[in-house]
Amino acid sequence: LYGRPTEIILEIARDLPLGADGKRDLQKLQKKNLENNERARQELEKLNVIDSRESRQKFQLWEQLSSDPTERFCPFTGKMIGLPDLFSSKIEIEHLLPYSKTLDDSLSNKTICFAEANREKGNRSPFEAFGNSPESYVWEEILQRVQNLPYGKRWRFLPDAMKRFEKEGGFLERQLNDTRYISRYTSQYL
């Protein structure tokens, strides 16, 4: 309609400059993530499980439940999650704070649980779903089980988790941070 553009302007949001310490921290984080994924790939190969993003995440989330494989329990039901069930339809990846409300698809917002607990939880935070200890779920026991999880997950079980998420910037702040991260990464190659 208007012909070919005469110029294209690309604007990127970034924190200038990242600095040596920031670059070093970013590289450490990237290296750690690559190592975690590679280790998960190796474990999946040993288990004859197809290497996929979902399988790697299930394995990594399973390991986060406890350092002792015999103490890896569904945070909600308390039932043990063993390797034979981990990659079956019995076990699902669960967004702690609802993805539909937060758009947070990070590993910090995920755990694994039995499918029936995921259905019961629905589109609610853990406290909203189980805080009043509905039939078959005891909130105090759920809180005990999540004590081994990293703090970035544990706070999502608190009664005010959704309010806290919004107070810390929610979706918009996270998107700006992601944009800054991508901008810093791409600026290394420009």
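Q: Leaving aside its neighbours within four places in sequence, which residues is I112 in contact with?
A: In this predicted model, and with neighbours within four places in sequence set aside, I112 is in contact with K58, L61, W62, L65, P75, I81, L86, I91, E92 and I93.

Q: OK, and which residues touch the most other members of the largest nonpolar core?
A: That core has 24 residues, and those touching the most other members are F76, I81, I112 and F157.

Q: Which elements give two or more residues to this core?
A: They are α2 (53-65), β1 (91-95), β2 (110-114), α6 (126-130) and α7 (139-145), with the largest share, four residues, coming from α2.

Q: What does the second, separate core include?
A: The second core has five residues, among them L97, W155, A161 and M162.

Q: Switching to β1, how many of its residues are buried?
A: Five of the five are buried, so β1 is largely enclosed by the rest of the structure; both faces are covered, with I91, I93 and H95 on one side and E92 and E94 on the other.

Q: How does β1 run relative to β2, parallel or antiparallel?
A: The two strands run antiparallel and are joined by five bridges, and the bridge partner of E94 in β2 is T111.

Q: Now the backbone: where does N48 lie, and what is its phi near?
A: N48 lies in the loop between α1 (19-46) and α2, and its phi is near 60°, a positive value in a residue other than glycine.

Q: Is N48 buried or exposed?
A: N48 is exposed, with a relative accessible area of 73%.

Q: And what about S136, buried or exposed?
A: S136, in the loop between α6 and α7, is exposed with a relative accessible area of 64%, and its phi, near 75°, is a positive value in a residue other than glycine.

Methods:
Residues numbered from 1 in each chain as written. Predicted model: local features only at pLDDT ≥ 70, side-chain atom pairs only at ≥ 80, totals over all residues. Heavy atoms only, no water. Core = buried A, V, L, I, M, F, W, Y, C linked by side-chain atoms within 4.5 Å. Buried < 20%, exposed > 50% of the residue type's maximum accessible area, 1.4 Å probe, protein only. Contact = heavy atoms within 4.5 Å. Pairing = 2+ DSSP bridges.
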